[in-house]
Amino acid sequence: MDLRRCSILSYELWNEAKNLFAGGVNSPVRAAVKPYPFYTRRAKGAYIETEDSKQLIDYVLGYGPLILGHSHPKVLNAVKNQLEKGWLYGTPSVAEIKLAEKITKHVPSAEMVRFVNSGTEATMTAIRLSRGFTGRKKIIKFDGNYHGAHDYVLMDAGSAASEFGVPFSLGIPEEVASTVIVCPYNDISCVERTIRKEDVAGVIVEPVMGNMGVIPPNSNFLKDLRSLTREFNSLLIFDEVITGFRLGLGGAQSYFGVKPDITTLGKIIGGGFPIGAICGSRDVISYLTPSGKVFNAGTFNANPVSMIAGLATIEELEKGNAYRISEKAAKILAEEIDSLIKIEHVVNRVFNFFQFFLGVKKVENAGDARKSLREVYVKVHEALLREGVFVPPSQFEALFTSIAHDDDVINRTIEAFRRVLGEVH
Ligand code: PMP
């Protein structure tokens with residue numbers, strides 16, 4: 001190992017961590033950073049500073065939430081003020097009403113909201129809700145879509161589940177797994193065949209797949225899902241944990257003009273603090289406890305810190321600059337990367353997030369993504385780290401941009417990519 005080029009403090013911390021945590025980390029993708037994870041001391045704007053005093057331009061952004069960059073002053077001040085007033089009440093607070101009002105104003109399918117603490121909790125509750133509401137059992141999901149770490153959705157999931165070759169986690173009872181049917185993404189005929197013969201409670205989909213790299217929906221995919229689920233009285237669940245408030249205030253459902261029955265949110269709506277939300281029409285969300293009989297509860301649900309941070313973030317997003325700047329940054333960078341790579345490749349970008357795939361012509365589903373030259377991607381990731389740029393360690397994650405990715409940041413990034421991609425043949 002070439003320690004001159006790496007980071008000695010992080011290396012020592014990593015060795016300590018391996019004794020304490022399974023695989024050295026608390027969430028698997030973090031162990032994929034090469035040659036070993038760096039440890040972050042602080043972060044501001046587009047930059048992360050490591051314990052080894054290295055400055056890295058960040059395109060991971062906490063895996064999506066930080067559309068305002070790190071430590072945005074508006075969010076920081078809002079949270080500081082809230083901390084002075086306490087951080088957990090176990091009672092309702094005004095902030096939860098204000099944040100829910102923002103969500104119901106902007107997200108077309110959202111008339112009512114339930115706040116939880118992670119995307120995982122949101123999709124778990126959404127699926128239970130679809131089953132409770134319809135009285136049916138089966139769920140359709142898509143190969144490579146990742147909806148969190150719970151039993152209902154860990155079949156052919158993307159993100160770290162794909163990175164570490166886990167098609168299906170140990171510990172999930174066969175009885176649960178057999179209630180979930182997996183179709184290829186962008187394959188409407190599979191959905192049609194399945195929904196005709198099975199009693200499908202809900203179809204859960206990432207409206208843009210962000211957990212196998214970035215894979216956009218084909219032109220009619222989401223509309224066809226909408227009409228099929230309507231025809232067969234199944235609920236359409238858009239998992240907008242990544243796309244919510246990233247593709248604009250109305251998320252993917254506004255971007256593509258398709259309104260689901262249930263929407264799950266997370267990431268951005270907490271401004272970088274833990275959050276999740278289940279949204280939908282009044283009649284569907286009312287099925288949740290205590291007004292209905294589909295159980296959900298949580299000590300930290302709607303905790304005031306996450307509410308305040310989310311509110312400050314959305315208020316900033318309403319000004320529009322974050323979308324303008326993050327889209328411009330992603331566009332310039334994606335085009336530059338496209339022109340720099342000399343081998344066969346494709347760059348998939350939707351608005352302000354993207355990923356590049358090497359050695360393949362097109363990536364329209366998880367199968368295509370798996371054929372890409374993943375080991376070369378990882379080498380690029382490692383080389384970019386040495387050049388001061390942090391892109392996801394896994395082919396199956398996305399590069400995100402933020403309001404902090406201004407021209408100067410983009411120009412520096414392009415210089416780094418030029419040096420690194422010049423070596424990829
Ligand atoms: N859904 C999607 C689309 C996600 O990308 C993720 C996490 N990356 C989740 C759900 C799970 O969210 P969390 O990690 O907050 O549990």
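Me: Where does K267 lie, between which strands?
Reply: K267 sits in the loop between β9 (262-266) and β10 (276-280). Helices (H or I, at least four residues) and strands (E, at least two) are DSSP runs, numbered from the N terminus. This is a predicted model, in which local features need pLDDT of at least 70, side-chain atom pairs count only at pLDDT 80 or more, and totals for chains, interfaces and linings use all residues. Residues are numbered from 1 along each chain as its sequence is written, and side-chain values use heavy atoms, with hydrogens and water left out.

Me: Which feature does UniProt place at K267?
Reply: UniProt positions follow the numbering used here, with shortened feature names, and annotations may be inferred rather than shown by experiment. The unreviewed UniProt entry gives "modified residue: N6-(pyridoxal phosphate)lysine" at K267.

Me: Is K267 buried or partly exposed?
Reply: Buried means under 20% relative accessible area, exposed over 50%, and partly exposed in between (1.4 Å probe, protein chains only). With a relative accessible area of 25%, K267 is partly exposed.

Me: What lies 2.5 Å from an oxygen atom of the ligand?
Reply: For a polar contact, look for a pair of N or O atoms within 3.5 Å; within protein, one must be able to donate a hydrogen and the other to accept it, and residues adjacent in sequence count only if both atoms are side-chain atoms. Here, a polar side-chain atom of T120 is 2.5 Å from an oxygen atom of the ligand. A polar backbone atom of G119 is 2.9 Å from a ligand oxygen, and a side-chain N or O atom of D239 is 2.6 Å from a ligand nitrogen.

Me: Is N352 buried or exposed?
Reply: N352 is buried, because its relative accessibility is 0%. N352 belongs to the loop between β11 (345-350) and β12 (353-358). Its side chain makes a polar contact of 3.1 Å with the side chain of S326, and a polar atom of that N352 side chain is 3.0 Å from the backbone oxygen of R246.

Me: Which residues does a cis peptide bond with omega of about -5° join?
Reply: That bond joins K34 and P35, and P35 is in the loop between α1 (8-20) and β1 (40-44). A cis peptide bond with omega of about 10° joins T289 and P290.
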